[in-house]
Each structure stands twice: as C-alpha cells, then as structure tokens.
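Hi everyone, thanks for making time today. I'd like to walk you through a structure that may be new to you, so please have a look at the sequence and the model on the screen.

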Amino acid sequence: DYYVDDKTTLTYAVSGNYSRSSDVSTTNSVNLDASENPIATYNANSPGLNNRYSIGNSVTYEKKFDSTERALTVYLSHTFNSEIDQSSFNSLASNADGVYIPANSLDQKSNTLNNLQNIMLKLDYIHPLRKLKGYKIEAGMKNETTLKKNVFDDYNVMNNAEQFDTILSTKINYVENVAAVYGIMSGSFKKWLSYSGGLRAEHTFISGNNNAINKNYISFFPSAGITVTFNDSQNLSISYNRRIQRPPFYYINNAITYEDQFTTWQGNPLLQPSFSNNISIAYSHNIKKHAFVLKAGGTLVNSGFTDVTTVTGNRITRETEVNGANSKACNFGLYVKLHLTSWWEAQANYNYSYTYYGFAKGINLTPIAGSANNLWGSFQFKFWKNAAFAVSGWYNTGSVTPEGAHLPVGALSASLKKSFLKDHLTVSIAANDILNTMKWKEVLANTGIQSFSSWQGNYRCVTISITYRFGSHDIEERRAGEENDRIGGGGGGKG
C-alpha cells in the first residue's frame with residue numbers, strides 16, 4: 001500500500017502458485033446381458049501427471065473525497081494460468097471365463113495444454129445524497145476479458161507405438177468478453193428501516209474456432225432488499241435478485257475422455273448460460289454471545305446445467321452436460337452459535353430443501369421431486385493459552401437430481417491448532433473423513449438406461465500445515481485478484 005495522502009491509497013498485489021501432482025484412478029466394470037449374466041469384465045488404469053502454475057497482478061486505486069461515504073475505487077488485474085497434463089488410459093478386457101481379449105482392450109495416451117489469461121477492469125463509485133439524509137447511489141462498471149487456449153492430443157498405443165488420433169484430438173481457441181454496468185439506490189427511514197434497489201446490465205461476447213461457441217447477447221439483473229432492525233440484537237431482512245451462471249470452461253470443451261471402453265464423457269460447446277430468480281428472508285437474534293439465525297427462500301432456475309447419460313446401439317454409455325434442469329426449489333434453515341463456556345463453543349446448521357425438476361426429454365422419464373435434509377455441527381475447545389481442538393461433522397439425507405437422486409452421505413473431521421511467537425507462527429493438524437464415509441452414490445433412470453454408481457476420492461487423510469506471518473497483523477490482507485471462479489478445471493476432460 002502506498003498512501004498518497006490521508007484519503008488516497010494506491011495498492012499493488014502479486015500472487016504466484018506452482019503445483020505438481022500425480023494420481024492414479026482405477027475403474028472395474030462388468031458388462032451384463034439382458035439376464036444380468038456376465039459377458040465381459042474391464043479393468044481400467046489411468047495414471048496422470050499434472051504441472052500447473054499461475055501468476056496474478058493487480059492495482060487498486062481508492063479515493064475518499066470527504067468525511068461522508070463518497071468514494072471512488074478503480075481495480076485492474078491480470079491473471080495467467082498454465083496447465084500441462086500427461087495421462088494414460090489402459091483397459092484390459094476379459095470374457096466371462098477371465099480370458100484376456102486383446103481386440104476389446106484399449107491403450108491410449110494424451111497430452112493436454114491449457115493456457116488461460118483473465119483481464120479485469122472495475123470502477124465503483126459511491127455518492128451520498130446530501131439533501132436526502134441516509135440515501136446514497138452506488139454505480140460502477142466492469143469489463144472482463146478471458147483468453148483461453150486448449151490443445152488436447154490423443155494417441156492410440158499399439159505394439160508400443162503411438163499413433164495420433166485425429167478424431168479424439170481437439171484444439172480450442174476461445175475469447176470471452178463480459179461488459180457490465182450497474183446502479184444501486186439505497187436509503188433508510190430513521191434507524192429501524194433500510195432498503196435498496198438496483199439493476200445490472202451485461203453484454204456478453206464469445207468467439208472461438210468452433211462456431212457453436214460464438215455468442216452475443218445482453219442480460220438484465222434486478223435486485224432489491226429491505227431490512228427491519230428491531231433493536232441492537234434483532235433484525236429481519238428480505239431480498240430478491242436475478243443471477244446468471246455461465247458454464248465452466250471445461251464443460252464446453254468437446255474432448256472425449258474414457259472411464260472404460262463403454263463409458264465416456266464429452267463436453268458440450270452448445271451449452272447456454274443458466275438464469276435463476278432468488279428470494280430469501282432471514283431473521284437473526286443475538287443473545288449475549290449466542291447467535292440464532294432463521295432463514296427461508298425460494299429459487300426458480302431456467303436452463304440449469306445437468307449431466308445427461310445415453311446408451312448407443314453398441315452399448316456405449318455417453319455422458320455430457322446439457323441445459324435442461326428447469327427447477328423450482330424452496331428451503332428453510334436454522335443456524336445456532338453458542339458460547340457454552342469461556343473455553344467451549346458450539347455451532348450447528350440445519351437446512352431443509354424441496355426441489356421439483358420438470359420433465360425434459362432425454363434427461364428423465366417423468367418429473368422428479370423430493371426433499372433433502374442437511375445437518376452440520378462443530379465443537380471447539382480452547383486450552384493451553386491459544387491452542388484449540390475442534391471436531392465437526394455433517395450428514396446429508398440425499399437429494400433429487402434432474403435424472404434421479406443422490407443417496408445419503410456424511411463425514412466426521414477433527415483438527416488441532418496452536419500459535420507461537422506472538423501469533424506469527426501457526427501449526428495445525430487436521431484429520432479429514434475419519435470414518436471413511438464420504439462415498440458418493442447416485443441412481444438415475446432415463447430412456448434405455450437405469451444405473452447405480454458410486455465414487456470415492458482419497459478424502460480420508462491427515463494434513464499438517466505450518467504458516468508464518470511476517471510484519472504487523474494490523475496490515476489489511478489483500479487478494480492478488482478477483483479470480484473468475486470458472487478458470488479452474490479447463491483441461492481436456494471432465495476433471
């Protein structure tokens with residue numbers, strides 16, 4: 001931070017990251033006939049090596065004009081991400097008697113290069129209205145440009161020789177520019193009532209070497225809110241907004257990836273953005289050091305993203321992402337935070353939701369509706385000066401999807417944290433998924449297919465983290481960029 005004067009600050013921030021990782025995934029599948037007798041088995045092995053680095057730079061200019069809230073903020077950032085993946089896919093086929101079938105086996109290698117640049121310019125201005133005390137106008141603009149290059153080269157391996165596959169290999173050059181302007185008017189009546197209303201307009205331009213990606217459209221997003229403050233410890237708020245969700249970049253990459261010879265996933269360059277209308281109401285009440293929050297809401301989603309699975313005539317299961325998850329949902333939640341003693345703190349959050357998905361050809365057979373319950377709880381115990389031990393757990397009863405349902409799942413975790421050297425050095429040990437229960441399960445039913453699937457990552461682990469903080473704790477922490485949350489996962493396949 002450079003303080004030009006007591007009302008003007010110029011900030012420069014930089015961040016960098018480099019990671020190198022390797023992983024191996026295995027898939028064991030059995031192909032059955034109509035009577036569910038085994039026809040063949042497939043044992044697939046997929047080792048991979050990933051190298052990724054990123055660097056971000058940002059400059060922020062902040063100007064406070066007077067003793068009121070009148071202020072101007074200008075923000076400019078540039079982020080560059082580069083990712084190189086090398087992976088192999090080897091699937092061995094055997095008949096019902098366990099005899100190896102070379103003709104049905106598959107051996108592939110792939111190299112993926114994924115480069116992405118993100119440039120963002122933001123301007124925000126706040127202007128209090130002197131003639132209308134308690135009222136202010138906020139206005140601003142934002143322009144974000146994303147440049148993406150993805151090269152996915154696939155090779156078939158036969159007799160230890162690699163042959164370039166021109167059908168599976170893809171190249172994508174992609175430019176996306178989103179320009180937005182917004183205005184918000186807010187005010188208050190005495191001390192117990194405040195309200196606001198605003199509108200944001202966006203223009204989206206997308207161009208790529210695949211004509212199906214090209215888009216050019218304008219969208220509008222209204223928002224409004226009202227808050228009633230009963231006293232220093234109680235308030236009630238109601239809000240409405242319209243939002244947009246754009247597909248992650250790997251969703252639109254049409255590269256094909258294999259789980260085995262009969263199970264594939266492919267991106268969809270025809271995906272359109274999804275829009276939602278959201279309304280929520282919340283009541284909060286603080287009693288001494290305890291906090292209670294009641295909340296409820298509803299959401300209407302149009303053209304939401306969902307996986308769709310089809311089976312071809314030669315028994316190949318194809319999975320891709322489509323627009324079609326039109327849904328209506330309502331939810332109710334309760335959050336509680338209790339300071340039971342000076343050394344014991346408890347938190348809990350319960351959420352109930354009911355979701356209705358309409359019938360969509362190729363996605364489901366009938367409309368699907370159902371409820372879900374989610375419970376999360378945490379206990380923290382302080383001891384030995386600033387040391388703390390925490391245990392937490394969560395459980396989800398399952399939920400419906402546009403194609404079927406997710407089954408119940410939950411996990412239990414614990415952590416131990418201690419600070420040293422006047423809080424400059426922090427050491428923490430965390431145990432995740434202690435009971436090894438975080439196993440995801442899903443059922444789906446569509447034309448020509450009924451399936452049950454489950455998957456589980458290496459969530460059960462212990463991590464040790466050591467953090468050292470230099471300088472004063474009074475210095476405000478700043479991020480090196482307001483990174484686009486769609487940047488990650490831009491490789492040549494599903495993950």
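Let me begin with a term: two strands count as paired if DSSP finds at least two bridges between them. Strands themselves are DSSP runs of E with at least two residues, numbered from the N terminus. Please keep in mind that this is a predicted model, where local features need pLDDT of at least 70 and side-chain atom pairs count only at pLDDT 80 or more, while totals for chains, interfaces and linings use all residues. Residues are numbered from 1 along each chain as its sequence is written, and side-chain values use heavy atoms, with hydrogens and water left out.

With that in hand, which residue in β17 stands opposite Trp-265? The residue there is Glu-319. The strands behind this are β13, residues 263-266, and β17, residues 317-323; they run parallel and are joined by four bridges. Both belong to an open sheet of four strands with mixed pairing, in the order β12-β13-β17-β16. At its edges we find β12 (256-260) and β16 (305-311), each pairing on one side only. From one strand to the next, the twist averages 25°; for such angles, axes are lines fitted to C-alpha atoms, and the angles run from 0 to 180 degrees between N-to-C directions.

There is also an open four-strand sheet with antiparallel pairing, ordered β22-β23-β26-β27. Here β22 (399-400) and β27 (449-455) are the edge strands with a single partner each, so one side of each has no neighbour in the sheet. Two bridges hold β22 to β23 (residues 404-406) in the antiparallel sense, and Val-400 has Ala-405 as its bridge partner in β23.

Now to some longer pairings. Strand β3 spans residues 38-64 and β4 spans residues 71-95, and this antiparallel pair has 23 bridges. A hairpin of six residues leads from β3 to β4, and Asn-51 is partnered with Ile-84 in β4. On to β5, residues 106-128: this strand pairs with β4, again antiparallel, over 21 bridges.

How many does the structure hold? There are seven. In one of them, Lys-109 meets Glu-162, with the closest N and O atoms 3.4 Å apart. Lys-109 is in β5 and Glu-162 in β7 (residues 161-164), so this pair ties together parts 53 residues apart in sequence.

How accessible are these two? Buried means under 20% relative accessible area, exposed over 50%, and partly exposed in between, using a 1.4 Å probe and protein chains only. Lys-109 is partly exposed at 35%, and so is Glu-162 at 48%.

Next, Glu-202, which is buried at 9%. This residue forms a salt bridge with Arg-246, at 2.7 Å between the closest N and O atoms. Since Glu-202 sits in β9 (residues 193-208) and Arg-246 in the loop between β11 (234-245) and β12, parts 44 residues apart in sequence are tied together. Arg-246 is buried too, at 14%. Glu-202 also has a salt bridge to Arg-200, 3.0 Å from N to O, and Arg-200 is partly exposed at 27%.

Finally, Asp-66, Arg-70 and Arg-130 are linked in a salt-bridge network.

Note on methods:
A salt bridge is a side-chain nitrogen of Lys or Arg within 4 Å of a carboxyl oxygen of Asp or Glu.
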